[in-house]
Amino acid sequence: MAKLWGGRFTKSTNKLVDDYTASISYDQELAKEDIEGSLAHVQMLGECGIVSEEEAKTIQQGLTSILKKIEKGDAHFSTDMEDIHMNIEKMLIDEIGPVGGKLHTGRSRNDQVATDMHLYMRKKTKVLIDLLEDVQHALLEQAKANVDTILPGYTHLQRAQPISFAHHLLAYFWMFERDKSRLQDSEKRINVLPLGAGALAGTTFPINRRRVAELLDFADVYPNSLDAVSDRDFVVEALADCSLIMVHLSRLSEEMVLWSSQEFQFIELDDAFCTGSSIMPQKKNPDVSELLRGKTGRVFGHLVGLLTVLKGLPLAYNKDMQEDKEGIFDTVKTLEGALKLLAPILETMTVKKDRMRHAVEKDFSNATDIADYLAKKGLPFREAHAVTGKMVLYAIEHKKYLLDLELSEYKQFSPLFEQDIFDALLPENVMRARESEGGTAPHQVAKQLKLAETRLYQNDSF
Ligand code: ARG
């Protein structure tokens, strides 16, 4: 098949070269964006008198009918036409005749593909924000039902202090809130139009870039044509934002794997979201959480991949940049899949409140409160810490927990202890006592819940 750029060539392209350089197998993902950009471009060409109004209309009708064919799955893409841009241009010429060849006036595939990527990133950023909100809703609902649910809080995966399960879940709510705000912030840089930069230097045609920006709802145009065609920062940024989202998803998934294990038994995942073993009939595996954790690797890989592609590239466009696509497409798909599953997994999981409560009874997670008790009675905290450490050792040696010791035993360690120490050490009271702003005391958690709800509600109304 004749190439759209075949004029200066005397031989046809080697088949291996066609296969190697073609991107149509994956950049057909951009079909809609490509047509959207072309519709605006040709509208502007018509308005500026670069093509006649009639020609512009004919081209727009042709593009719209191609879009319908693509949406119905009736379009045939060909490797000979290399990429989505030339496939669509070829289809247009086949559909409406030589006038279709006027579409590419005053533009290049370089500013065209950059525009497509901006449109794609804008669409997907919104999708990801919505999906993150679904997960936040699920976290909020579980948190609301678990303000008074006590479980051990951990540091170093060692039991540290009892906390509210709602408090733990809300920690993830705020991570996703930051993720959303990063994505929202990136929209500023996505909403800038490259089209009109031409191949690299601008164009000799009297185009109106501002008009195209207006038609495509971009806030601004790139002020430098070289930068416009060679910038993929916004894709790197999206990959970095997505990598951080995966870090958060992976941490939560890891906790869900731990919590649903026989050793913890803090939650039970719904049967509909677990899988079995082909050999061990008793198994109910948290495969989704594990896979979610595992898929973090490919997203990090795509980030490092694109950074490496761009590093050391001379200005302006280089074919290397075609490698920006598969990584971000796969990343978006990976995140969509993960977020769509996480919301219902959180909603349907059973929280085993008794098991969590039991866990804080059989441990030393109230030890800090002995030190605090003594410090409040005037003993310097460092000394109080040392006294409490000795008491923990004593209790372990006598195979007891701190609440099992007699007041007389307490008094052997410090005359400051009175009967009220036993009240102070009950898990509920230990949790309740952490009343500082952002702490785990139920009324602080209730405040936090309200704040979280307000934030989510504000964002929903955008
Ligand atoms: N398929 C190319 C890409 O994705 C489109 C731009 C090609 N431009 C060029 N001058 N070869 O980067």
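UniProt, in an unreviewed entry, places the feature "domain: Argininosuccinate lyase C-terminal" at residues 364–431; UniProt positions follow the numbering used here, feature names are shortened, and annotations may be inferred rather than shown by experiment. The model is predicted, so to read it: local features need pLDDT of at least 70, side-chain atom pairs count only at pLDDT 80 or more, and totals for chains, interfaces and linings use all residues. Residues are numbered from 1 along each chain as its sequence is written.

That 364–431 span is 63% helix and 0% strand, and its end C-alpha atoms lie 14 Å apart. Helices (H or I, at least four residues) and strands (E, at least two) are DSSP runs, numbered from the N terminus.

**Domains**

The protein splits into domain 1 (12–105), domain 2 (110–139 + 164–204 + 223–352) and domain 3 (359–460), with bounds from an automatic or database domain assignment. Take C-alpha atoms, and the centres of domain 2 and domain 3 are 39 Å apart. Where they meet, domain 2 puts in ten residues and domain 3 eleven residues, contact meaning C-beta atoms, placed from the backbone, within 7 Å. On the domain 2 side, H6 and helix H7 (165–190) are the elements that give two or more residues, and H7 gives the most, with six. That side has three nonpolar, four polar and three charged residues. For these classes, Ala, Val, Leu, Ile, Met, Phe, Trp, Tyr, Cys and Pro count as nonpolar, Asp, Glu, Lys and Arg as charged, and the others, Gly among them, as polar.

**The ligand**

Around the ligand sit Ser-23, Asp-27, Asp-83, His-85, Arg-109, Asn-110, Val-113, Tyr-317, Lys-319, Met-321 and Gln-322; a residue is near a molecule or strand if its C-beta atom, placed from the backbone, lies within 6 Å of it. By class, the shell has three nonpolar, four polar and four charged residues. Helix H6 (residues 109–144) supplies the largest share, three residues. Since domain 1 and domain 2 both give residues to the shell, the ligand lies between them.

**Nonpolar cores**

In soluble globular proteins, nonpolar side chains tend to be buried together. Here the largest nonpolar core has 91 residues, of which Val-135, Leu-139, Leu-151, Leu-169 and Val-235 touch the most other members. A core of this kind is a set of buried Ala, Val, Leu, Ile, Met, Phe, Trp, Tyr and Cys residues joined through C-beta atoms within 7 Å. H6 turns up again, giving the largest share of this core with 13 residues. Leaving aside residues up to four places away in sequence, Val-135 touches Phe-176, Leu-339, Leu-342 and Ala-343. Apart from this core lies another, of twelve residues, including Met-391, Leu-405, Tyr-410 and Ile-421.

Buried means 20 or more other C-beta atoms within 10 Å of the residue's own, exposed 12 or fewer, and partly exposed in between, with C-beta atoms placed from the backbone.

Ala-316 is in the loop between helix H12 (296–310) and helix H13 (325–348).

Technical notes
Contact = placed C-beta atoms within 7 Å.
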